[in-house]
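Dear colleague,

Please find below the structure that I am handing over to you.

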Amino acid sequence: MAIKNKKKILITGVAGFIGFSLARSLIKSKNYYVVGIDNLNTYYTKKLKVKRLDLLKNKNFKFYKIDLLEKDKIHNLFKKHKFNTVFNFAAQAGVRYSFKNPKSYTDANIIGFINLIETLKTFKVDKFFFASSSSIYGDSKPFPKKENSEVNPINLYSLSKLSNEQFAQSMSKLINTKMIGLRFFTIYGPWGRPDMMILKYLISAYKSLSFPLFNNGNHFRDFTYIDDAVQICHSLIKIKIKKKFDIFNICSSKPVLITRVLKEINKYSKKPLIKKKARDKADVYKTYGDNKKILNFLKYKVEFTNHNQGVKKTCEWFLKNKKIFN
Ligand SMILES: NC(=O)c1ccc[n+]([C@@H]2O[C@H](COP(=O)([O-])OP(=O)(O)OC[C@H]3O[C@@H](n4cnc5c(N)ncnc54)[C@H](O)[C@@H]3O)[C@@H](O)[C@H]2O)c1
């Protein structure tokens, strides 16, 4: 199929975990042409980002090294490509790091996000999906969290995500693009993030480093397998969206205790030295989302991967690819 007949999709943060995983899945189909941008920052090892981009070498994919702060370059990119759909996954992720380097959050997550939305004023884009986060719910009860539950961001990362939602909602009244926020809950799997628990534990074991275990691992996370999140994004591209603005939880709705996940990893890997740490002020005790809204909207049943299967696949991937982390 000629490129001009394919659906053109922009993915920002395409060298990152979720952006890469979605791009890799979309370019397998002859219906999509994916343009990806990323600033390839060194928040975690650039080697992993470069390796992910390597896997995307395909005639249905084009990469540009662009920072969301480079407004003119973004403008020119939209002018050149006439995107049908945009996924904004570029961001400074991580909750604990927001106390160390707050400016990286205001730059990428707030100014960068505004730059992107400003571009939508000029160019006609059908759908704009952007990554929000489960962390905006904070520690308030009751569970599971619904999209209309109270929000209570307890760090700059979650505050930046909540501000994205609010800004998108207000701009959706002025711009003719459907704006959809995706509140991701602990996405994990092969090619995942080395700053997140599962890979961090595996890397610590591999490199004989100590693994910081906060609050004795007494936290619950609604672990959501990457392929399930990608499948949902795929469906959202195809489905007709009527509302100008909406928000969806993207979660398996099955919270698991951290210590249980660590026990599961131990079946496949040697154990790292555990360094017990007090509960971190950036961490919430539990994340547990309600996923009925997205499932009803998509009108099909997503068979979420259970955490045992997901952890197994992640560990197997790591054991094959651990040299990336040397
Ligand atoms: N992985 C999760 O569990 C999770 C949970 C909730 C929300 N999210 C959100 O989903 C999105 C994707 O997360 P991820 O896990 O893939 O993170 P990631 O860190 O792997 O990917 C983000 C990518 O964005 C790039 N980037 C950062 N700032 C940029 C900028 N100013 N301009 C261009 N590129 C920039 C980074 O280089 C990185 O490759 C993020 O917005 C994140 O906050 C992720």
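This is a predicted model: local features need pLDDT of at least 70, side-chain atom pairs count only at pLDDT 80 or more; totals for chains, interfaces and linings use all residues.

Residues are numbered from 1 along each chain as its sequence is written.

Overall fold

The protein contains 11 helices and 13 strands. Helices (H or I, at least four residues) and strands (E, at least two) are DSSP runs, numbered from the N terminus. The protein is as compact as a globular protein of its length, because its radius of gyration of 19 Å is close to the 20 Å that the globule rule gives for 326 residues. That radius is taken over C-alpha atoms, and the rule is 2.2 Å times the number of residues to the power 0.38. Along the principal axes, the C-alpha atoms fill a box of roughly 55 × 40 × 40 Å.

Of the 326 residues, 40% are buried. A residue counts as buried if 20 or more other C-beta atoms lie within 10 Å of its own, as exposed if 12 or fewer do, and as partly exposed in between, with C-beta atoms placed from the backbone. Among contacts between residues at least 6 apart in sequence, 82% join residues at least 24 apart; a contact requires C-beta atoms, placed from the backbone, within 7 Å.

The ligand

There are 28 residues around the ligand, and Gly-13, Gly-16, Ala-90, Ala-91 and Ala-131 come nearest. The elements giving two or more residues to this shell are α1 (17–26), α5 (102–122) and β5 (127–133). Helix α1 gives the most, with three residues. By class, the shell has 14 nonpolar, 10 polar and four charged residues. Here Ala, Val, Leu, Ile, Met, Phe, Trp, Tyr, Cys and Pro count as nonpolar, Asp, Glu, Lys and Arg as charged, and the others, Gly among them, as polar.

The sheet

Seven strands form an open sheet in the order β3-β2-β1-β4-β5-β6-β11, with parallel pairing. Two strands pair if DSSP finds at least two bridges between them. Strands β3 (61–65) and β11 (245–250) stand at the edges with a single partner strand each, so one side of each is left without a neighbour in the sheet. On average, neighbouring strands are turned by 20° against each other, direction ignored.

Strand β4 (residues 85–88) runs parallel to β5 and is joined to β5 by four bridges. Asn-88 stands opposite Phe-130 in β5. Helix α6 (residues 156–171) packs on the sheet, touching β5, β6 (178–184) and β11, and its direction makes about 155° with that of β5. Axes are lines fitted to C-alpha atoms, for helices over the stretch in contact, and angles run from 0 to 180 degrees between N-to-C directions.

The peptide bond from Lys-141 to Pro-142 is cis, with omega near 0°, and Pro-142 lies in the loop between β5 and α6. A cis peptide bond also joins Phe-143 and Pro-144, with omega about -10°; Pro-144 is in the loop between β5 and α6.

Leu-40, a residue other than glycine, has a positive phi near 50°. Leu-40 is in the loop between β2 (32–38) and α2 (46–55) and is partly exposed, with 14 other C-beta atoms within 10 Å. Trp-191 has a positive phi near 65° and is found in the loop between β7 (187–188) and α7 (197–206). Trp-191 counts as buried, with 21 C-beta neighbours inside 10 Å.

Yours sincerely

Conventions
Two residues are in contact if their C-beta atoms, placed from the backbone, lie within 7 Å. A residue is near a molecule or strand if its C-beta atom, placed from the backbone, lies within 6 Å of it.
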